[in-house]
Amino acid sequence: MSRVAVAIIGAGPYGLSLAAHLAARKIEHRIFGRPMLFWSRVADAGGDRYLRTYCFGTNISTPEPGFSFADYSRPRGLETFEPCSIGDFAAYGHWFQQTNVPWVEPVDVAHVAGQGDGFAVSLADGQYLVADRVVIATGLASFAHVPREIASLPPTLTAHTSRIESFSAFKGRDVAVIGAGQSALEAAALLHEAGARPQLLVRKDAIHWMNRVPQSPGLWRRLRSPISALGSGPKAWALAHFPGAMHRLPDAWRTRLVKKHLPPEGAWWLRERVENRMPVHVGTTVDGARELNGRVALRLRTANDSSERQLLVDHVIAGTGYDIDVERLVFLDRTLRSSIQRLGRAPRLNADFETSVSGLGIIGPASAISFGPLFRFVAGSEYAARVVSAHLARTPVQRHD
């Protein structure tokens, strides 16, 4: 039976960043997962899909210079500010992995349980090992949120935007898209461009669009509204640059910042692909759904007069974001999951990204409630990798073999 100091679960931007930093510190580790799987699947669904964030705020981190997204894009003639293709980002991630973390083991982790002073890790291919420490970096894949009003529909009739395998498969179909954020708006645009007939269902009274930010603003604008990975303005700049301070805020304040900063809205470059291209029902909520002769009958409620009506479509797409919930980390043994203290349903993490289970850490979007909105995005990977690798370097494992 093999034993390793650190097992990293997940080979997306956060997992790759941590592995690169651990390697630079010569800390023994193994990293498991199919590299950039989430992003590759999003790109492979087809259509023109772009990151909502700036290229400079979407770097996978390594202590060595020369491996930013812009470093990859510039010599290839690709966009280096915005909008940046998700397909290009996925390719950048694979290039980063092959260059900096070639030891990734492309196998899923099936089960993790406590074992003495470490963790028993079972892999999907039948391998078994013991890790002194485990860091979970599985990203958003486990947390796709489908509203309960449509969750009971069969999977042939409904899907989350992150789980669409091909937009072209909806050609000629009537599709209801729920949501008003980037993923919902982009899905609606891609469906329209693939020959489907989408309709947007928006709970709020309007769709909100981001303003375009100049790539080279003047001095006064840079001082008044600095650009950061979380957008423009002093508040966004502070949230992006002081995640450690965010961790020290009272839980209620930090939770409010995570939920309120960057609310659902669409990127400026997406607007012309949505407006006047499809029906948009604002002030509309879905109260229920049922299968009807192989289609979906949605019960809609309108906010201005509380009236109800029915909408009949072939499919429903949920662009309703992600719900961070420890219980969705199903590869963790139930005993481990129940031992993790929570902030709501999310894990409560200490300043070193460690859960209340000693030796078990979590980085990535699941850490946002503990560290702030920066960690909803790839931009948080550098801080997380630096903090966790430094913590592991100064607290060497005391083995009891």
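Ground rules. The model is predicted, so local features need pLDDT of at least 70 and side-chain atom pairs pLDDT 80 or more, while totals for chains, interfaces and linings use all residues. Residues count from 1 along each chain as its sequence is written, and side-chain values use heavy atoms, without hydrogens or water.

Five strands form an open sheet, order 6-15-7-8-11, with parallel pairing. Strands are DSSP runs of E, at least two residues; helices are runs of H or I, at least four; both are numbered from the N terminus. Pairing takes at least two DSSP bridges. Which strands stand at the edges? Strand 6 (158-160) and strand 11 (280-281); each has a single partner strand, so one side of each lacks a neighbour in the sheet.

Inside, strand 7 (residues 174-178) and strand 15 (residues 315-318) pair in parallel over four bridges. Ala176 has Val316 as its bridge partner. Helix 6 (residues 182-193) packs on this sheet, touching strand 7, strand 8 (197-201) and strand 15. Contact means heavy atoms within 4.5 Å. The direction of helix 6 makes about 160° with that of strand 8. Axes are lines fitted to C-alpha atoms, for helices over the stretch in contact; angles run from 0 to 180 degrees between N-to-C directions.

Next, the hairpin. Strand 13 (residues 295-302) and strand 14 (residues 308-313) run antiparallel, joined by six bridges. Arg299 stands opposite Gln310. Five residues lie between the strands, and Ser306 in the turn has a positive phi of about 60°.

Last, helices. The axes of helix 2 (residues 37-44) and helix 4 (residues 86-100) come within 8 Å, crossing at roughly 145°.
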